[in-house]
Amino acid sequence: MSALNLSAEQVLTTTRAVRKRLDLDREVPRELIEQCIELAQQAPTRSNIQPGHFFVVADAAKRAAIADYYRQAWDIYTGVAGEAHQDEAHLKDEGQLATIPAVLDSARYLADNLERVPVLVIPCVRNRTDNASAALQSFIWGSILPSAWQFCLAARDRGLGTCWTTLHTFFEKEIAELLGIPFEEFQQVALIPVAYYTGDGFKPTRKLPLEQVVHWDTW
């Protein structure tokens with residue numbers, strides 16, 4: 001089932017958020033997506049229950065409609081994010097300030113071209129977390145997040161690029177109506193664009209030193 005025969009460590013260290021390097025002109029076979037979902041189902045979940053549902057959008061008209069909502073959400077987000085990024089002292093301390101322009105540029109590219117991505121995958125979880133306690137939210141999210149990320153890892157091992165996005169949830173109800181997702185029963189967790197990637201493979205990126213992010217026994 002593996003196309004690239006990557007080691008577990010290679011998969012874990014090279015699964016990048018791919019936005020600009022998605023091949024927008026190459027079709028992704030249905031069986032490849034289904035292989036990734038089968039592997040995603042093997043992820044650990046709370047109480048060992050069946051993980052959530054995966055809604056796969058390949059229809060061009062539906063992808064275009066979702067992309068329209070996504071771009072509206074992008075305009076909302078960039079207004080809010082612009083204010084948040086004014087806290088440059090915090091970002092500088094975290095070593096992230098220099099990456100903001102590049103990330104926003106690639107995110108803008110994805111927003112502009114989302115309808116051209118061959119496949120959009122929307123993981124969904126039963127039960128909504130609206131107004132739920134933190135404990136209940138973690139209980140519900142634990143039923144889908146490991147599975148959704150394992151889908152991304154499986155895609156990487158098959159030469160597919162993915163990106164974890166959530167902007168579409170600004171219009172979750174409208175997209176649920178578009179796709180026929182029972183809104184009151186299922187919550188959309190993410191929107192994962194899936195395509196073959198262009199160029200060479202991916203390498204591990206530089207991260208903050210462990211002493212800056214790991215806390216043993218006390219903060």
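Reader: What is the relative accessible area of Phe202?
Author: In this predicted model, local features need pLDDT of at least 70 and side-chain atom pairs count only at pLDDT 80 or more, while totals for chains, interfaces and linings use all residues. Residues are numbered from 1 along each chain as its sequence is written, and side-chain values use heavy atoms, without hydrogens and water. Buried means under 20% relative accessible area, exposed over 50% and partly exposed in between (1.4 Å probe, protein chains only). Phe202 counts as buried because its value is 14%.

Reader: How do the rings of Tyr197 and Phe202 pair?
Author: The structure holds four aromatic pairs. The centres of the Tyr197 and Phe202 rings are 4.8 Å apart and the planes stand at 65 degrees. Rings of Phe, Tyr and Trp (its six-membered ring) pair with centres within 6.5 Å; planes under 30 degrees apart are stacked, over 60 edge-to-face, the rest tilted. The angle therefore makes this pair edge-to-face.

Reader: Which residue has its charged end over the ring of Tyr196?
Author: A charge sits over a ring if NZ of Lys or CZ of Arg is within 6 Å of the ring centre and within 35 degrees of the ring normal. Arg128 lies over the face of Phe183, at 4.0 Å from the ring centre. Over Tyr196, 3.5 Å from the ring centre, sits the charged end of Arg26.

Reader: Which residues have the most contacts inside the largest nonpolar core?
Author: A nonpolar core is a set of buried Ala, Val, Leu, Ile, Met, Phe, Trp, Tyr and Cys residues joined through side-chain atoms within 4.5 Å. The largest has 29 residues, and the most contacts inside it belong to Ile66, Leu114 and Val117.
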